Amino acid sequence: MAVNIVLLGPPGAGKGTQAKRLQDQFGLIQLSTGDMLRAAVAAGTPVGVKAKAIMAAGQLVPDEIVIGVIADRIAQPDARNGFILDGFPRTVPQAEALDKMLAQKGLRLDHVIEMKVDDGALVERISGRFACKKCGAGYHDRFQPPKRAGVCDNCGGTEFVRRADDNAETVKKRLDEYHAKTAPILPYYRAKGALKAVDGMAEIDAVTASLSAILRGAAGAGVRA
Ligand code: AMP
């Protein structure tokens, strides 16, 4: 099923966790600009050099850089099978650029889904998260610990990493950026009649079920935004 989806929501809403599950369930690819930018920083590419300090400060990387990154990625043949955008768009100009680049390729967005989460829950959600160094599987100290402490459920890896920007101070800045620059894209999509919402405060499995229902086109799926 080649559907193209945008997952919207503040940092810590569960976009990455859910995108990975939908990727496995529906054969779509997760396109996370955060992951792409972190890879660019780690590789020391020109994009990475420009983005590094901005990301560490919890600010948004300039639109033209991120739009270029996502345009290159969407041009890859595997994106034709359907994708889940996670962390993009994050500003109205990014949303407009996305519409243009998809139209040029004869593609469109099938679902734009907001994951609604209370701000108060986000700092704990973000500051507890970590990932397997080897396979990238995501965990949380409290909400989703590995079945065996210190061992990745997915690949058996024993080394874990925490994101440099997942500290309380940077999280606050990231939330401010979300409210100031990203939340205004909700009315942009609402005006197009494209916006749906799910309750991101629910259990991880329940959120996956709500998202899957929307993807399968189940009648009445999703909370009206
Ligand atoms: P994320 O992994 O989605 O939380 O993104 C981590 C960081 O990467 C953000 O705090 C921004 O600094 C940067 N970033 C990721 N996606 C975007 C985007 N679409 N626009 C601007 N900056 C972004």
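Q: Taking buried as under 20% relative accessible area, exposed as over 50% and partly exposed as in between (1.4 Å probe, protein chains only), what does F160 count as?

A: F160 counts as partly exposed, because its relative accessibility is 26%. This is a predicted model, where local features need pLDDT of at least 70, side-chain atom pairs count only at pLDDT 80 or more, and totals for chains, interfaces and linings use all residues. Residues are numbered from 1 along each chain as its sequence is written, and side-chain values use heavy atoms, leaving out hydrogens and water.

Q: Thanks! How many aromatic pairs does the structure hold?

A: There are 4 aromatic pairs (Phe, Tyr or six-membered Trp rings with centres within 6.5 Å; planes under 30 degrees apart are stacked, over 60 edge-to-face, the rest tilted).

Q: How do the rings of F130 and F160 sit?

A: Their centres are 5.4 Å apart and the planes are at 85 degrees, so this pair is edge-to-face.

Q: And where do those two lie?

A: F130 is in strand β5 (residues 129-132) and F160 in strand β7 (residues 160-161), so the pair ties together parts that are 30 residues apart in sequence. Strands are DSSP E runs of at least two residues, and helices H or I runs of at least four, numbered from the N terminus.

Q: Is F130 buried or exposed?

A: F130 counts as buried, because its relative accessibility is 12%.

Q: What about Y139 and F160?

A: That pair is edge-to-face too, because the ring centres are 5.9 Å apart and the planes stand at 80 degrees. Y139 belongs to strand β6 (residues 138-140), so its pairing with F160 of β7 ties together parts that are 21 residues apart in sequence. Y139 itself is buried, at a relative accessible area of 6%.

Q: Which residues do the ring pairs link into a cluster?

A: F130, Y139 and F160 are linked that way.

Q: Switching to helices: at what angle do α4 and α5 cross?

A: Helix α4 (residues 63-74) and helix α5 (residues 92-104) cross at roughly 25 degrees, with their axes coming within 10 Å. So α4 is roughly parallel to α5 (the term covers angles under 35 degrees).

Q: Which residues make the contact?

A: From α4 come D63, V66, I67, I70, A71 and I74; α5 supplies P93, Q94, A97, L98, M101 and L102. Contact means heavy atoms within 4.5 Å.

Q: Last one, T208: where is that found?

A: T208 is found in helix α9 (residues 204-215). T208 counts as buried, because its relative accessibility is 7%.

Q: What is T208 in contact with, neighbours within four places in sequence aside?

A: Q18, R21 and Q25 are its contacts, with those neighbours left aside.

Conventions:
Axes fitted to C-alpha atoms, helices over the stretch in contact; angles between N-to-C directions. Parallel < 35°, antiparallel > 145°, perpendicular 65-115°, else oblique.
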